[in-house]
Amino acid sequence: MIGKSVPRVDAYDKVTGRAKFTDDLVPDNCLVAKIYHAKIGNGIVKSIDTSKAEALDGVVKVVTFKDVPNHCYPTPGHPWSVELAHQDVADRNILTGRVRYYGDDIAAVVAEDEITAQRALRLIEVEYEEYPVEIHPRKSMYGSKPPIHLDKKDNVLVRSNYFIGNVEEGLKESETVIKRSYKTPIVQHCHIENPISCAYMENGRIIVVTSTQIPHIVRRVIGQALGIPWGKIRVIKPYIGGGFGNKQDVLYEPLNAFLTTQVGGRPVKLDITREETFCNTRTRHSIEYDLTAGVDSEGHLLAKDMLAISNQGAYASHGHAIAANGLTAWRLQYACPNIKGEAYTVYTNTPVGGAMRGYGIPQVCFAIECFMDDIAKEIGMDPLEFRKKNLIKGYYEDAYLKPIAANTNGIFECLEKGADYIHWEEKRKEYTNQTGNIRRGVGMSLFSYKTGVWPISLEIAGARMTLNQDGSIGLMLGATEIGQGADTVFSQMVAEILNMDISDVHIQTVQDTDVTPFDTGAYASRQSFVTGTVVKDCANLLKKKILDYAKELLPEETRKLRLDHGWIMAGKDPAISLGNLALESYYSLGNSSVITAEVSEQVKKNTIATGCCFAEVEVDIKLGKIKILHIINVHDSGKLINPKLAEMQVQGGMSMGMGYGLSEQLILDEKTGRPLNGTLLDYKLMTMMDTPDIKADFVELDDPIGPFGNKALGEPPAIPGAPAIRNAVLHATGVAFNENPLTPQRLIDGFIRAGLI
């Protein structure tokens, strides 16, 4: 089954509308909760009057920041640690009277219906003491009065750095030294389904049904937020309508869990709006980079220096992990003897930065890959040749985190495929020295990406399998299907090991923390690699148990047994069907033993995936408009478990990358920090009319430590598109844009400065 493009196991239920999402599981008598958000960007609540809201007919309960448990808790979807140094920053409360960004959560209303809840919100009266708002991290990092968080007087959440070799000496020895600055925007995930949960109580326990990537982590964080034992909480995750990292954070589940305790355990639905999703969930961090590099007369990198300043927003969430992940990428892939990296993550009065597809690498890739083109232009070298001259060939490992290594490195094969598709050499020459308002160019970029989070953080996964009475297999995992096709891939893995048809593998897609094996969830492109390792081991254990049981049923001379499409084979001959063996195991009076297997493992390995993007664009200089003519991503993600699913992943990621490069940016009011385009009417996503034909290709090199030779693919497709498009515009016009997205206004401003308009 491995390597076959089998249809998704959830496809039929999804296209027929039978798949159950959170809103499909909400009971009819459910109460409705709505949140009162602050109308200032920084300050404190001096007074709050909820009496008029409480008096409204149909309002069941109103709670404010004065009513919630006084427990600070962390929200990111990271594994917990018993070691204090590895725990996330706990700086959130369920509700707050210290407003840190426009829209902060002050109070909540529970009512019999949504209209009543919305009316009640308008009756709440709040008086504020306002403080100045700072939305720029380069200013905020020097402090504010008062500080955004009292324990951080300079508003710097975390600072980190590293040194390899001697950058200063390397720069002195360089023939050419280049310095540039780059900036990436705040963007939103724009998944189809907004964050939604339903909370109720049974037998003194809180049950939360929620659209999340991390059910087991949500359970833990609810316990921390409410100050109750984690076993008193049960989290159920049905199908979810996309997450892209936004739901790799604990959002409003703790508030909803608290609210049900305030209304006698009645079910409470908390379904936030699209506007709230833009402002009050998580965003991709805006990060600013100052880069310096030195090259010798032949174009070899001798030294490079990075300063990164990340806009965290008002609360820690995933915090410095994003900027630090980008800092790690600065020392990978390109050979250089002298490297320095320094990063700051800074609190500001803006919506909170969290995880988003690529986890800091789309930002740093934009800076690095734009920089590589700028260096090549400065020294008069073809940018593809410059990269080839400096890329590490073959195996390499991270200088600081030794288990992270490119065990297979197909980047040169990826570059060859991409260049051939785009006709690189031909078009680089053809589009040289253009004039006129319409110009064309080709550009490229590349990336590297880790698979999972070990050794920076814990990697643990669990799997449970049962041989059913008919010889089929029941499969239960803590890893979550979030639309990426994980259920299909895991089913293929089981079918491969047990040598059966995938239709005989019945995977349970709903995760339930009461019964589901522990797994940290869907993030870091980890599931087919980390959870896949555990699935493989569990399937092999089940296989051994099945064959051991068969040996007890069969004559001694047939004990060299194997599984083959529902049969126990003795050599070339069928000995007993798997269905009959299963019936014996369940109902034999003499030897009844239901055959199951369960494995929970800490997976201590990591590997690096690589790839590239090539793009051809047409630029209308007077209109400031970019049209993508051709674009391709080529990935070295090891062995493809399901080639069709892999292609779909790449196409979806490429769409996100194009949006990141051309149009997506959450714009904030300078005085208040309020989002100005926080709706799908104003926030410009790529549509089908904007999207060219998307080409995906692969270099399949079996990774020796991947469970089936596979490695990361979920996030990498979203990484290289934006810098490839920018570099194509540079080739077309000669103008270097160092901030994305390349909107018409930004393009026209740049063309005016360059004298093209």
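A few ground rules come first. The model is predicted, so local features are taken only at pLDDT of at least 70 and side-chain atom pairs only at pLDDT 80 or more, while totals for chains, interfaces and linings use all residues. Residues are numbered from 1 along each chain as its sequence is written, and side-chain values rest on heavy atoms, with hydrogens and water left out. Helices (H or I, at least four residues) and strands (E, at least two) are DSSP runs, numbered from the N terminus.

The structure holds 37 salt bridges, a salt bridge being a side-chain nitrogen of Lys or Arg within 4 Å of a carboxyl oxygen of Asp or Glu. One of them pairs the side chains of Glu616 and Lys427, at 2.6 Å from N to O. This pair links distant parts of the chain, with Glu616 in strand S27 and Lys427 in helix H13 (residues 424-430), 189 residues apart. Both Glu616 and Lys427 are buried, where buried means under 20% relative accessible area, exposed means over 50%, and partly exposed falls in between (1.4 Å probe, protein chains only). For Glu616 the relative accessible area comes to 1%.

Strand S27 itself spans residues 608-620. Besides the salt bridge to Lys427, the side chain of Glu616 makes a polar contact of 2.5 Å with that of Tyr431. A polar contact is a pair of N or O atoms within 3.5 Å; within protein, one must be able to donate a hydrogen and the other to accept it, and residues adjacent in sequence count only if both atoms are side-chain atoms. Setting aside neighbours within four places in sequence, Glu616 has contacts (heavy atoms within 4.5 Å) that include Ile422, Arg440, Val442, Leu629 and His630.

Another salt bridge brings together the side chains of Glu193 and Lys247 (3.1 Å, N to O). Glu193 sits in the loop between strands S8 (176-183) and S9 (196-202) and Lys247 in the loop between strand S11 (233-237) and H7, so the pair ties together parts that are 54 residues apart in sequence. Glu193 counts as buried at 14% relative accessibility, and Lys247 is buried at 1%.

Arg234 and Asp514 also form a salt bridge, with their closest N and O atoms 3.8 Å apart. Here, Arg234 in strand S11 is joined to Asp514 in the loop between strand S22 (511-512) and H15, 280 residues away. Both ends are partly exposed: Arg234 at 22% relative accessibility and Asp514 at 35%.

Just after H7, Gly264 takes a positive phi of about 70 degrees.

S23 and S24 (residues 567-570) are joined by 4 bridges, and Leu563 has Ile568 in S24 as its bridge partner.

Conventions: Two strands pair if DSSP finds at least two bridges between them.
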